[in-house]
Structures are given as C-alpha cells and as structure tokens.
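Open the model in your viewer and keep the selection tool ready. This tour goes stop by stop, saying what to select and what is there.

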Amino acid sequence: IVFPDIMKDYYMNHDGEKIKHCNIGTEEEPEIVSGIVSLSNNDFESTKEEFVSDGFIPLSFYPIAESRGGDYYFWDSDSNGVYLVYGDDIDNPRKRSDNLEEFFKMLNGGILDEW
C-alpha cells in the first residue's frame with residue numbers, strides 16, 4: 001500500500017500528539033472527532049487487524065481517526081475517500097469526504113475548545 005503524502009506528513013509531524021475535539025458534523029447532528037489513530041503505540045495496526053479479522057471492513061480500509069463515541073473513520077485506499085463506521089451499524093460505512101485532504105480540512109475547521 002502507498003499512503004498519500006498528506007497522511008505520511010501528518011504522522012511524521014504529529015503522531016501520538018493529542019488533538020482538540022473537532023466537530024465535523026452540524027450543530028443538530030454533531031460528529032466529534034476525539035483522536036487520530038496512532039502509529040507509535042500500534043493502535044493503527046491492531047485496530048485494522050481487529051476490524052478485518054472480524055470481517056467488518058474491506059481490506060482497503062485503514063483507520064485514521066476515532067469519534068468521541070468510539071466509532072472509527074477509515075481511509076479507503078481504493079477510492080481515497082474517508083468513511084465513518086459506526087460500531088452499531090458496521091455494515092453501512094458512511095462516506096464523510098472524498099479524500100484525506102478534505103477530511104483534514106474539516107478537522108482544522110471544526111476544532112472545539114474542550115479536550
């Protein structure tokens with residue numbers, strides 16, 4: 001797999017750092033991103049392995065972020081899109097952006113004051 005430059009740059013510069021909670025949804029239906037899945041402590045590999053081994057996600061999905069509610073955002077290496085997979089509705093991933101650049105822009109624009 002070849003990861004996009006924006007993803008490589010993010011991990012080279014920010015892996016393991018805390019992020020502020022970000023609302024990338026609406027006020028009526030907030031989607032709070034609480035963290036980026038870390039490479040430094042094996043979260044990335046273990047999260048992917050868990051979801052793939054349970055048959056919940058395609059092999060092309062890679063975990064990139066987690067919501068405050070424990071749901072995961074996955075980058076799809078086939079389509080380049082970012083999808084939200086709800087723990088209680090795993091069979092229906094919801095597309096949240098067409099690419100990683102768009103997803104990271106949403107995170108930058110949705111920073112909340114709380115941690």
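**Stop one: strand β4**

Select strand β4. Tyr72, Phe74 and Asp76 point one way from it, Tyr73 and Trp75 point the other way, and all are buried. In a regular strand, side chains alternate between the two faces of the sheet. How many of the residues of β4 are buried? The count is 5 of the 5, so the strand is largely enclosed by the rest of the structure.

This is a predicted model. Colour it by confidence. The average pLDDT of the protein is 85, and 95% of the residues score at least 70. Strand β4 (residues 72–76) has the highest mean, at 95. Helix α1 (residues 5–14) has the lowest, at 82. Where pLDDT is low, predicted coordinates should not be read in detail.

**Stop two: the neighbours of β4**

β3 and β4 are antiparallel partners, with 5 bridges between them. Click on Tyr72: Glu66 stands opposite it. Move to Tyr73, and the bridge partner is Ala65. Now follow the chain through the hairpin of β3 and β4. There are 4 residues between the strands, and Gly70 has a positive phi near 90°.

Next, select strand β5 (residues 82–85). It runs antiparallel to β4, and 4 bridges join the two. Tyr72 has a bridge partner here too: Val85 in β5. These strands also form a hairpin, with 5 residues between them. Look in the turn for Asn80, whose phi is positive at about 75°.

In what order do the 6 strands lie? They form an open sheet, β1-β2-β3-β4-β5-β6, with antiparallel pairing. The edge strands are β1 and β6 (94–97), and each of them pairs on one side only. Strands of a sheet pair through backbone hydrogen bonds.

One goes to Gly25, at 2.8 Å. The other goes to Glu31, at 3.0 Å.

**Stop four: the rings**

Show the aromatic side chains. Counting ring centres within 6.5 Å of each other, there are 12 aromatic pairs. Select Phe3 and Tyr62. Their ring centres are 5.4 Å apart and the planes meet at 80°, so this pair is edge-to-face. Which parts of the chain does the pair tie together? Phe3 is in the segment before α1 and Tyr62 is in strand β3 (residues 61–67), so the linked parts are 59 residues apart in sequence.

Compare the two residues by accessibility. Phe3 is partly exposed, with a relative accessibility of 24%. Tyr62 is buried, at 12%.

The charged end of Lys48 sits over the Tyr62 ring, 4.1 Å from the ring centre.

Conventions:
Residues numbered from 1 in each chain as written. Heavy atoms only, no water. pLDDT = per-residue confidence, 0-100. Phe/Tyr/Trp six-rings, centres within 6.5 Å; stacked < 30°, edge-to-face > 60°. Buried < 20%, exposed > 50% of the residue type's maximum accessible area, 1.4 Å probe, protein only. Lys NZ or Arg CZ within 6 Å of the ring centre and 35° of its normal. Polar contact = N/O pair within 3.5 Å; in protein donor to acceptor, adjacent residues only side chain to side chain. Pairing = 2+ DSSP bridges.
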